[in-house]
Amino acid sequence: MKIKKYLFPIITFFLSFGCALFVAIKVFPNNPFTGVKEEKTTVSKFKDGDLIFQTSESKQFEAVRIATNSKFSHCGIIYDINGKWFVFEAVQPVKLTPLEDWIKHGKDSKYVTKRLKDDSVLNPQVLQKMKDYSQQFDGKEYDAYFEWTDNRIYCSELIWKIYKNAAGIELSKLKDFNLQDPRVQKILKERYGNNIPLEEKVVAPSDLADSNILKTVVDTY
């Protein structure tokens, strides 16, 4: 008799608990007790090999911005490494930086992402070749003198050489900087003295950003 007395409340409890658990799983899929995570359905706005530009507030990059008459003073190339986004950039030293950290380093965390208009050329084989080629620069010194060598390297030079030498794509023509601004002259004087290498071929972030074979994918300015 005692078993029958408690049987109905026990059955009722388990039925109620089961219904509550079912509702929790359906209504709250991210409930940590269920162990079920919501599937990601959105497509990333970034792609392997994208170029990303920002306005750096450092003295070095400010000179680049002024000399090139552009809001962009720093840039990098976006790589998908084991499912995570990184920016391969030429700073001191050249390195991979988590994308979110890279964005925060820019003025007001603003950035612009560019992509080849015909990005079908960046197939998995070409992208892997670009990454393999990039490894030779990892850990190298930043080139504060903007020399066209591989001993040291600066940001836009890094991107230009990766695309040119690994993918066979010339993103832009090499140009001369506008070195007449007094602020630029002051920095050059501090760095070079009276031996400013005016004949050195260079490529600036603005040259890449203005490339006619690239399209804008994201612009947060």
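A search of the whole structure finds 7 salt bridges, a salt bridge being a side-chain nitrogen of Lys or Arg within 4 Å of a carboxyl oxygen of Asp or Glu. The model is predicted, so local features need pLDDT of at least 70 and side-chain atom pairs count only at pLDDT 80 or more, while totals for chains, interfaces and linings use all residues. Residues are numbered from 1 along each chain as its sequence is written, and side-chain values use heavy atoms, with hydrogens and water left out. Side chains of opposite charge can pair when their charged atoms come close.

**Stop 1: a salt bridge across the chain**

Select Asp50 and Arg115. They form a salt bridge whose closest N and O atoms are 2.8 Å apart. Asp50 is in the loop between helix H1 (2–27) and E1, and Arg115 is in strand E5 (residues 112–116), so the pair links distant parts of the chain, 65 residues apart. Helices (H or I, at least four residues) and strands (E, at least two) are DSSP runs, numbered from the N terminus. Are Asp50 and Arg115 buried or exposed? Both are buried, where buried means under 20% relative accessible area, exposed over 50% and partly exposed in between (1.4 Å probe, protein chains only).

**Stop 2**

Select residues 74–81, which are strand E2. Of its 8 residues, 6 are buried, and the strand is mostly covered. Leu51 stands opposite Ile77 in E2.

E3 and E2 run antiparallel and are joined by 5 bridges. Tyr79 has Phe86 in E3 as its bridge partner. E2 and E3 form a hairpin with 2 residues between them. Click on Asn82 in the turn: its phi is positive, about 55°.

**Stop 2: two cysteines**

A disulfide is a covalent bond between the sulfur atoms of two cysteines; here it is counted for a pair of cysteine sulfur atoms within 2.5 Å. The structure holds 0 disulfides. Cys75 is buried, with a relative accessible area of 0%, and Cys155 is buried at 4%.

**Stop 3: helix H5**

Select helix H5 (155–167). Its 13 residues should span 18 Å at 1.5 Å a residue, and its end C-alpha atoms are 18 Å apart, which agrees; the expected span is 1.5 Å times one less than the number of residues. Of these 13 residues, 10 are buried, so H5 is largely enclosed by the rest of the structure. Among the buried residues are Leu158, Ile162 and Ala166. After H5 comes Gly168, whose phi is positive, near 70°.

**Stop 4: charges on and beside H5**

Select Asp150 and Lys161. Their side chains meet in a salt bridge (2.7 Å, N to O). Asp150 lies in the loop between H4 and H5 and Lys161 in helix H5, so the pair ties together parts that are 11 residues apart in sequence. Asp150 is partly exposed at 32% relative accessibility, whereas Lys161 is buried at 5%.

Next, select Glu170 and Lys164, whose side chains meet in a salt bridge (3.4 Å, N to O). Glu170 is partly exposed, with a relative accessible area of 32%, and Lys164 is partly exposed, at 33%.

**Stop 5: rings**

Select the rings of Phe, Tyr and Trp (its six-membered ring), which pair if their centres lie within 6.5 Å; planes under 30 degrees apart count as stacked, over 60 as edge-to-face and the rest as tilted. By this rule the count comes to 8 aromatic pairs. Phe146 and Tyr154 form an edge-to-face pair, 5.0 Å centre to centre with 75° between the planes. Trp148 and Trp160 are also an edge-to-face pair, at 5.5 Å and 70°, and both are buried.

Finish with Lys161 again. Its charged end sits over the ring of Trp148, 4.8 Å from the ring centre; this requires NZ of Lys or CZ of Arg within 6 Å of the ring centre and within 35 degrees of the ring normal.

Definitions and conventions: Two strands pair if DSSP finds at least two bridges between them.
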